[in-house]
Amino acid sequence: MKILFYSHSSTLYGAPSSLINLISGLIKINPKINVHVILPSNGGLENKLKAENISYSVIPHYKWTYNYELFKRKLKTNKTLAYLWLYKNMIQRYFQNLFQFRKHQKFVAGYKPDIIYVNSSMSPMGCKLSLTFSIPLVWHHRETINDPITGFYLDNNYSFKKYFRDADLHFYPSAFLKKSYEIFKNTGKQSIVFNGVSYEGGLSNKSYNKKNAIKFGMVGRVNSQKGQAEVISVFHELQKLNGIKAHELHLFGGGEEMYINELKNICNSNIIFRGFQDQNTIYRDLDFVIVNARNESFGRVVAEANSYGIPVIALNSGALTEIVFDGLNGYTYNSNKELYNAIKRILLADSNLINYDTLSKSSRKCFENYFSVEAYSQSIFRELLLLIK
């Protein structure tokens, strides 16, 4: 089986990280699988591919989505300039992909894959090549599109619908995401498979040291959809309480510098921006992870945190309702007020009120049962075998 993977990004955020986990898992299942990854540019993902001995090429290709949130900001300043910016970038992306297509065509003709596997809804190049060469297309959707909350809007709905309809197999990491794509109509097979993550830590569960400050963390891109600003405001309110346990909020990840600076201006000494860090650095000292994102298509941070035995406090939104189980691998909430009350209970609790060790062990068990790379890769491998038979 020869699989050509198309990654829409060369970063180490959610979708590319899930792709690495999948490829590593597939190779463990069957070392004879021949895989190659096409990256759109140089970036941190290259180092990970090299470390895993996964072959790859950098051949530029461009997304067919724009940043709706940025567009809205520009609209407030100058409507005419905002639309000029939008159409200029749409046309530029179209012609850039047109210009690069021959390079991709030449590579595919030489590689002769059995399957083209596109790892995101946000990039069309792999879909176009599948149609050109009549190679089975597997499309792994990772994000909602045309969604004002996540902000990924398509340049061209017509082309997307055409490729979507013709794809042989669609994967979704949650029932929530699958439902959001129902409007596009598809005749191929569709399958829901939870993302798997690799465990990179030393211990399978944590010990809760109540003598130290309780450390909460948020992990991932810093933007309005991830909800860092609301959590910061909750922590401001908590600091008005008397008799609560010392605590800190650590924010990991990158984003637009302007937005990050806006958040930093409303922070204090207990709220710390840590930037982009490796997985072990992120999770080794945290006691709880907060996921305040809306319309998450999966919630990779939940699986990562659980792999370290860290319980998650998550907003009841999107796919988070499918993977966070109250009292088992964390807690859920429906509003800022409920988040405030949940953290308040933790900060006011004595040593007997919350059995952290039990919660940590059950969080780790959830990871093993639902989010392991082995289960993830096996489910996808079975579908790929059926596709090429």
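Let me begin with Met 258, which is placed in helix α9 (residues 257-264). Helices here are DSSP runs of H or I of at least four residues, strands are runs of E of at least two, and both are numbered from the N terminus. Met 258 is exposed, its relative accessible area being 53%. In this talk, buried means under 20% relative accessible area, exposed means over 50%, and partly exposed is in between, with a 1.4 Å probe and protein chains only. Between Met 258 and Ile 3 there are 255 residues in sequence and 40 Å in space, C-alpha to C-alpha.

A word on provenance. The model is predicted, so local features need pLDDT of at least 70 and side-chain atom pairs count only at pLDDT 80 or more, while totals for chains, interfaces and linings use all residues. Residues are numbered from 1 along each chain as its sequence is written, and side-chain values use heavy atoms, with hydrogens and water left out.

Asn 242 belongs to the loop between α8 (228-238) and β11 (247-252). From Asn 242 to Ile 59 the separation is 183 residues in sequence and 57 Å in space, again C-alpha to C-alpha.

I turn now to the interior. Which residues of helix α5 (residues 125-133) are buried? They are Met 125, Gly 126, Cys 127, Leu 129 and Ser 130. Their cover includes β1 (2-6), α4 (79-111), β5 (115-118), β6 (137-140) and α6 (157-166), where contact means heavy atoms within 4.5 Å. Just after α5, Ser 134 adopts a positive phi of about 55°.

Next, the aromatic rings. Rings of Phe, Tyr and Trp (its six-membered ring) pair if their centres lie within 6.5 Å; planes under 30 degrees apart count as stacked, over 60 as edge-to-face, and the rest as tilted. By this rule there are 32 aromatic pairs. The pair of Tyr 117 and Phe 171 is stacked, because the ring centres are 6.3 Å apart and the planes stand at 20°. Since Tyr 117 lies in strand β5 and Phe 171 in strand β8 (residues 169-172), this pair ties together parts that are 54 residues apart in sequence. Tyr 117 is buried, with a relative accessible area of 0%, and Phe 171 is buried with a value of 0%.

Phe 164 and Tyr 181 also form a stacked pair, at 5.9 Å centre to centre and 15° between the planes. Phe 164 lies in helix α6 and Tyr 181 in the loop between α7 (175-180) and β9 (189-192), so the pair ties together parts 17 residues apart in sequence. Phe 164 and Tyr 181 are both buried. Ring pairs also link a cluster of Trp 64, Trp 139, Phe 160, Tyr 163, Phe 164, Tyr 172, Tyr 181 and Phe 184.

Finally, the whole chain. The protein chain has 15 helices and 15 strands, and buried residues make up 51% of its 389 residues. Its C-alpha trace spans about 65 × 55 × 35 Å along the principal axes. Of the contacts with a separation of 6 or more, 68% come from residues 24 or more positions apart. Thank you.
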